[in-house]
Amino acid sequence: RRNPDSAMMKFSFCVMGLAALAGALTAPPSSRAVSVERGRTAVRMHIFGNNKKKEEEERLKAEAEQEALNAKWAKESQNELAFMSLFGLGTALPVIYLLYIALTGEGGGGAGVY
């Protein structure tokens, strides 16, 4: 009599082993495939002309957009930092005051720690 759990475990180990084997057998792209892709890009550039001016304009536009986003992010981060600091200070002061009252307890009010 076979244990069904044992058969399921053997099956799952076989599936995992096959998956690992398939992952190990996949090879990275060869240098020939990479050089063919580079060659296609070079051919495209020569066929359609040299677009350095257009590429430079696109690059400058992208840099300007990125700088604007960076400035916006910096302003938002500064606002968040100020808010978090004020919130932390606002919540810490009452706690510190209550601890002071509890630890000093110089009155007969029963606020001291015994």
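**Reading an aromatic pair**

The structure holds one aromatic pair. This is a predicted model, where local features need pLDDT of at least 70 and side-chain atom pairs count only at pLDDT 80 or more, while totals for chains, interfaces and linings use all residues. Side-chain values use heavy atoms, leaving out hydrogens and water.

Q: How is a pair of aromatic rings described?
A: By the distance of the centres and the angle of the planes. Rings of Phe, Tyr and Trp (its six-membered ring) pair if their centres lie within 6.5 Å; planes under 30 degrees apart count as stacked, over 60 as edge-to-face and the rest as tilted. Here the centres of F83 and F87 are 6.3 Å apart and the planes are at 25°, so the pair is stacked.

Q: Where do F83 and F87 lie in helix α3?
A: They are four residues apart in helix α3 (residues 52-104), separated by about one helical turn. Helices here are DSSP runs (H or I, at least four residues), numbered from the N terminus.

Q: Is F83 buried or exposed?
A: Buried means under 20% relative accessible area, exposed over 50%, partly exposed in between (1.4 Å probe, protein chains only). F83 has 57% relative accessibility, so F83 counts as exposed. F87, with a relative accessible area of 52%, is exposed.

Q: Which element has the highest mean pLDDT?
A: pLDDT is the predictor's confidence in each residue, from 0 to 100. Helix α3 has the highest mean (90), and helix α2 (residues 31-47) the lowest (56). Where pLDDT is low, the predicted coordinates should not be read in detail. The protein chain averages 76, and 61% of the residues score at least 70.

How values were computed: Residues are numbered from 1 along each chain as its sequence is written. Helices (H or I, at least four residues) and strands (E, at least two) are DSSP runs, numbered from the N terminus.
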